[in-house]
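Welcome! Please take a moment to look over the sequence and turn the structure around before reading on.

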Amino acid sequence: MAITLVIDGKEITADDGMTLLDAARENGIDIPTICFHEATTANGLCRICVVEVEGMRLLQPSCIVKAADQMKVQTRSERVERARKTILEMLASTMDLSDAPAILTMMDEYGADAARFPGAARRESEVKDDNPMYIRDYSKCLLCWRCVQVCAEDAQYTYAINFEGRGFKTQIGTFFDRPIPETTCVLCGQCVGVCPTGALKAKREFLLEQGMSPQEISVLNTGRKRRSKA
Amino acid sequence: MIQSDRVVTTTCPYCGVGCALQLHVKDGFIFKVTSPFDSPVNHGNLCVKGRFGYDYVYHPKRVTKPMVRRYLLEGKTIFDIRESGGALRISNPELSHSDSPWDWIETDWDTALDIVADNLARIYQRDGSDALAVYCCAKATNEDNYLLQKMYRSIFRTNNVDHCTRLCHAGSVVALQQTVGSSAMSNTASQVIQNDVFIVTGSNTSENHPIIALQMKDAVQKYGAKMIVADPRRIELVDFAELWLPLKPGSNVVVFSAMAHVIVQEDLVNWDFVHARTEGIDEFLASLEKFTPEYAEEISGVRAEDIRRAARMYATAKNGAIYWGMGISQLSHGTASALAIIHLAFLTGHIGRDGTGLNPLRGQNNVQGASDMGAMPFHYPGYMRVDNDENAAKWEKAWNVEPGGLSRKPGLTTTEILSHAHEGGVRALYIMGENPMMSEPNLNVTRHHMQQLEFFVAQDIFVNESGAYADVFLPATPFAEKDGTFSNTDRRVQRVRAAHPPRGEARPDWKIICDLATRLEVRLKRKTAKWDYSHPEEILREMGGVNRDYAGITYERIDKVGLIYPVPDLNHPGTPTLFTESFPRGRGKFIPLDYVPVREEADDEYPFILTTGRLLEHWHGGTMSRNSSLNEAYPEARVEMHPADAEMHGITNNMPVRVTSRRGEIVLRCTVTEKTTVGVVFIPWHFHEAAANLLTNDALDPEAKIPEFKACAVQVFPAREAELANPETRLQRGRY
């Protein structure tokens, strides 16, 4: 059944049950997203996709809120823009965005100031290099949850990783913080495929970034000697 | 952050699922693989092999210059250097440091190809067509395979052309040809989610077709389907199954015939379908009487009540489907085993509609395509029988061969080619990309056969266990360095694209074949069958000109997503579901069956049944995966044994054990696990250090000629650490 709503002053029709994000995008209205991915279940975690809906007190995450008949929606109101800018500034204050060009572009677009919260505690951790296929650098993790979801019902049904810790200390981890080879992980790398910030990265890409040459990388798996764990 | 120079979309070189890959290339080096999320085959999901296992392309051991044995350059023949009284050829890589006539000498393409052409022509002129044979390759492209069988058929006039399909689904192919008249999956893997009830049997799908397994899990978890797993191992899919039938290896015929018995007894037969679409039901019903569920329980170990339940579930489903793997076909009664499954679909009418079907999951990335390309001793491309004059005439015209010139005599199969390697039999063998010294059963005998060859050419990317016996090594390119097409398990023809130029002097297989064929035609004074292609697309078009299934496929049409054949014309959208109106042979045929036990059953001396198979992290004989980082993820062979058996035999987890059959013995570590069942041990066959196929039985199915890889009798005793090939190499992982 088709419904009618107004987004940014433009009357559009959408299918009942569609999210505001899908309805907007189908009609050429761009709403920025970070944690949303077409292959994973949307959870409204990062809140960058919030919009202002007339009659609703709080800003609404458009990736999960359903479009309704006669809704009036602002995707670029001052309140929305301020919220997005603040979200970006908070992200920049706590994590390493150097591998997330889409987010850096977004910061320029919204005039976000990476140094707005100068004393903020940063979420920093060592690079975890514990398996032959990929590395985990949680200093670059924004907790979008995509990796956890594709490891679970969104793709692999393997359940090797999940959230651990609470509040600011929340991080993605394995059960009992075991190294990846000791978990149920099957090294499929679906998690690497959906990571938006380079926190999860193919091992060879990582080594190339570290300055190793393709020739040096190519001989790594040829000897009998096992490389020491990082 | 690394910026790629370019991103090349291609098709995965590992299994038959045919996932779309995007190769991210920087300075001629693939540093990352991703997959498009809108891919209709895999929706952006990959397994460890597809995403990370491509680095064999850069392995330093890869051969990138043609090599010949020293004695060939010195103008000698193999007879000049034959060891006194011994076999004709040897394999000992250590000798390459000495001044042996067996040394590999790097040379140029002209020298290597002239040596090959001279020797093949010499043997052909001396001994005729029957002395030559070729293994095509289920990893190579359609174009490569088409050309190689064209070379052997048009120049040497022999049908001694086969490939590893003989060792994997030959039983299924023969059974489907007899009953249906076709030999591919009837439906697509993406239709799994349309099933209400589906049976997975003889397939460890999560490890061997990982992306299809994801769709199976989705079907159960998100679409309300019920899965029945019939397998001697407690594979991962059992966690998602409604019912697990843990049958003894090789007892498929009784279990599935007992299900048919129940369907008939309980009046669950779809009589409309049986009367309208099948024949032979009366004889079949008579043959079913003996297959009571109680009889099946006695033989298979599966509870009669579970067989009844499985039969009811499948028969009463709106959409029922069956997916099967090597556990059905790799038996000395592999054909019968597949027939027993096919009967279930006929009785219930679960075929010819979306979400139903008979679906043999094909193993290799292009085993379907290689078969379609005529890389088999009985068929030209398009499954056109070679002993039919009308078919032969069509290809004689296409290949510029005089009328009556092509051989009408079906050739030897993979297994027979090697067993005929003796004086008066096959003298010269050409292998493109296969590794019989790992993949044949009873390898000690295989080695003996290889040693009898007079001339042997290996065309590959590494000198593998088989190439070690070769006279000439022609360095070909892996998937990332060539263009062409692969046909996946559900008949989808997809593009393969080069990510960068070949390394060193390696050449794409199709170019090597064209060059060699041209040299042979000159030597044998043949009219040319035309080998001057400028691009692989011209090869596919030539083939599609006669093979109607591929007639409507062009590179332009499959640029973005593949097309599912049959595609009879340029406007045809492809055919995801087969047999909607009728079967290619007309009516589906019931074939009465008897129970035949496996050739070698467990006894007091050899108390375990060994079943072989594959691992998620490795690929077949290991030429690719064991030369990649996958080897780090799974570095050693292990035998799986049930805890009850282990306790009885004083064996503990990680202990080295010696596994012995009547044909050979290997030493490897034991994994004590409930993944296998009591009385059954499992060994993957990827590891040359402990090659499972030294143990397996070379008994063949009488029709399909497929060996009995899935069951032979072995004994297992504790061994010493020092007896392991690499005691220091240990599997560090904990996955199920």
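This is a predicted model: local features need pLDDT of at least 70, side-chain atom pairs count only at pLDDT 80 or more; totals for chains, interfaces and linings use all residues.

Let us begin with chain A, which is divided into domain 1, residues 2-76, and domain 2, residues 134-218. The C-alpha centres of these two domains of chain A lie 30 Å apart. The domains do touch: nine residues of domain 1 of chain A are in contact with ten residues of domain 2 of chain A. On the domain 1 side of that contact, five residues are nonpolar, four are polar and none is charged.

Some strands of chain A are worth a visit next. Strand β3 of chain A, residues 50-53, pairs with strand β4 of chain A, residues 60-61, in the antiparallel sense over two bridges. In this pairing you can find A:Val51 opposite A:Gln60 of β4(A). The hairpin of β3(A) and β4(A) has six residues between the strands, and there A:Gly55 takes a positive phi near 95°. β3(A) has another partner to look at: strand β5 of chain A, residues 72-74, pairs with β3(A), again in the antiparallel sense and over two bridges. Here A:Val53 stands opposite A:Val73 in β5(A).

Now let us see where the chains meet. How many residues of chain A are in contact with chain B? There are 33 of them, and they are in contact with 38 residues of chain B. On the chain A side, the elements that give two or more residues are α5 (190-194), α6 (203-209) and α7 (214-218). Of these, α6(A) gives the most, with four residues. Sorted by class, the side of chain A that touches chain B has 14 nonpolar, eleven polar and eight charged residues.

Another stop in chain B is helix α7, residues 170-179. Eight of the ten residues of α7(B) are buried, so this helix is largely enclosed by the rest of the structure. Among the buried ones are B:Ala170, B:Val173, B:Leu176 and B:Thr179. What covers the buried residues of α7(B) includes α6 (165-168), α15 (326-329), α16, β13 (357-360) and β22 (588-589) of chain B. After α7(B) comes B:Gly181, whose phi is positive, near 95°.

We finish with the largest nonpolar core, which has 302 residues. Which residues have the most contacts inside it? They are B:Met227, B:Ile228, B:Val255 and B:Met259. Helix α16 of chain B, residues 334-348, gives the most to this core, with ten residues; α16 is also among the elements that cover the buried residues of α7(B). As for B:Met259, leaving aside neighbours within four places in sequence, this residue is in contact with B:Ile307, B:Ala310, B:Ala311 and B:Leu344.

How values were computed. Residues are numbered from 1 along each chain as its sequence is written. Chains are lettered from A and ligands numbered from 1 in the order in which they are written. Two residues are in contact if their C-beta atoms, placed from the backbone, lie within 7 Å. Ala, Val, Leu, Ile, Met, Phe, Trp, Tyr, Cys and Pro count as nonpolar, Asp, Glu, Lys and Arg as charged, and the others, Gly among them, as polar. A nonpolar core is a set of buried Ala, Val, Leu, Ile, Met, Phe, Trp, Tyr and Cys residues joined through C-beta atoms within 7 Å. A residue is buried if 20 or more other C-beta atoms lie within 10 Å of its own, exposed if 12 or fewer, and partly exposed in between; C-beta atoms are placed from the backbone. Domain bounds come from an automatic or database domain assignment. Two strands pair if DSSP finds at least two bridges between them.
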